[in-house]
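Here is a brief report on one structure.

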Amino acid sequence: MSLERKDEYDHGEWMKEKDLTPVESVFLTTLVWMDRRFRIVDYLEILETLYYRVNLQMPKSHTEQYNLDNKFWYWYPLYALGSFSTIAYVVAALSGALLGFYYAPGTEGDPSLAYNQLAFIMTDLNFGFMLRSIHRWSAQVMVAAVFLHMLRVYFTGAYKEPRELNWIIGIILISLTMVFGYTGYLLPWDQLAFWAGQIGVEMSLSIPLAGEWVAKLLFGGFSLGASTLQRMYIIHVFLLPFVVTTIIAVHIAIVWIQGIAEPH
Ligand code: HEM
């Protein structure tokens, strides 16, 4: 296809004939100018087709379609909880990446560096308090949203055939969301973090036979120190972001392919 575009008529003349308002003619002139250079009308049409294709997969309002007005879990906004979880996750990921510029997990023998960095972020860094708050809040909102999303899926029976696999992927996601929360909770290395870590070690040790091995693997020993923090840090900022982002993408792709569940 040739990139050159042939004009069948003069747009200037055409606009004069149509007696357009100044706003309309500025809009049209800009559109024609852009279209001649970048073929934007073609691309807008592609976008429009894509929009309608994607929306074919979007849920119709079940409450309207099946007269479910009095059934709480079919209430339409609750179908947005999955997207709400995704948005909370994206906000947490972005604010976390920014926090990463200022946080450090501490060194062997001196895990208190983490706490000092936190103190710096909270008191000295411009917008640091806000950044940390956004990260903490979005993380907590995500946990709540994911849990409510799971309730919605359960009470509308959306986990049934053919969506069993996405339910199982969801179980993995909610578990990883909690691991995200726990590893992040330990990073400030304050009293809350330390004692939450201690509980984690004790819980690991209570596992029959494999307890000591698990405690060493996850916490770097039976007492907490720099190696614990290093492990939590790598899990939180390196492993989980890649794993969870991939699994969320697969989860949403499956929803897109299967469409939203009809009421059972
Ligand atoms: C990070 C966590 C999660 C994210 C970002 C997420 C995202 C989404 C999104 C955007 C949808 C589209 C429909 C909707 O929003 O309701 C969806 C549907 C679904 N989710 Fe999740 N989800 C997560 C966790 C879970 C959990 C914990 C479960 C269950 C154990 C689950 C099971 C499902 C199922 C079965 C569907 C299909 C529902 C239907 O067809 O009506 N998801 N998810």
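## Ligand site

A polar side-chain atom of Arg-152 sits 2.7 Å from an oxygen atom of the ligand. The model is predicted: local features need pLDDT of at least 70, side-chain atom pairs count only at pLDDT 80 or more, and totals for chains, interfaces and linings use all residues. Residues are numbered from 1 along each chain as its sequence is written, and side-chain values use heavy atoms, with hydrogens and water left out.

The ligand is surrounded by 25 residues, each with a heavy atom within 4 Å of it. The closest are Tyr-79, His-149, Arg-152, His-251 and Ala-261. The table lists polar contacts, which are pairs of N or O atoms within 3.5 Å.

| Residue | Atom of the residue | Distance to a ligand oxygen atom |
|---|---|---|
| Tyr-79 | polar backbone atom | 2.9 Å |
| Gly-82 | backbone N or O atom | 3.1 Å |
| Arg-152 | polar side-chain atom | 2.7 Å |

## Core

The largest nonpolar core has 15 residues. Such a core joins buried Ala, Val, Leu, Ile, Met, Phe, Trp, Tyr and Cys residues through side-chain atoms within 4.5 Å. Buried means under 20% relative accessible area, exposed over 50%, and partly exposed in between (1.4 Å probe, protein chains only). Tyr-89, Leu-173, Leu-240 and Val-244 touch the most other members. Helices α5 (81–99), α7 (128–155), α8 (164–186) and α11 each give two or more residues to this core. The largest share, 6 residues, comes from α11. Helices here are DSSP runs (H or I, at least four residues), numbered from the N terminus.

## Surface

Leu-44, Leu-47, Leu-50, Val-54, Trp-256 and Ile-257 form a nonpolar surface patch with about 600 Å² of accessible area together. Patch members have over 30% relative accessible area and no salt bridge, and nonpolar side chains are joined within 5 Å. Areas come from the Shrake-Rupley method with a 1.4 Å probe. Two elements give two or more residues: α3 (40–56) and α11 (226–258). Helix α3 gives the most, with 4 residues. Leu-47 lies in α3 and is exposed, at 51% relative accessible area.

## Salt bridge and a loop glycine

The count comes to 1 salt bridge, defined as a side-chain nitrogen of Lys or Arg within 4 Å of a carboxyl oxygen of Asp or Glu. Arg-39 and Asp-42 form a salt bridge at 3.2 Å, N to O. Asp-42 is partly exposed, at 23% relative accessible area.

Gly-225 lies in the loop between α10 (211–219) and α11. Gly-225 counts as buried, at 16% relative accessibility. Gly-225 and Ser-112 are 113 residues apart in sequence, yet 9.4 Å apart in space, C-alpha to C-alpha.

Key
Patches are made of residues with over 30% relative accessible area and no salt bridge: like charges are joined within 9 Å, nonpolar side chains (Val, Leu, Ile, Met, Phe, Trp, Tyr) within 5 Å. A polar contact is a pair of N or O atoms within 3.5 Å; within protein, one must be able to donate a hydrogen and the other to accept it, and residues adjacent in sequence count only if both atoms are side-chain atoms.
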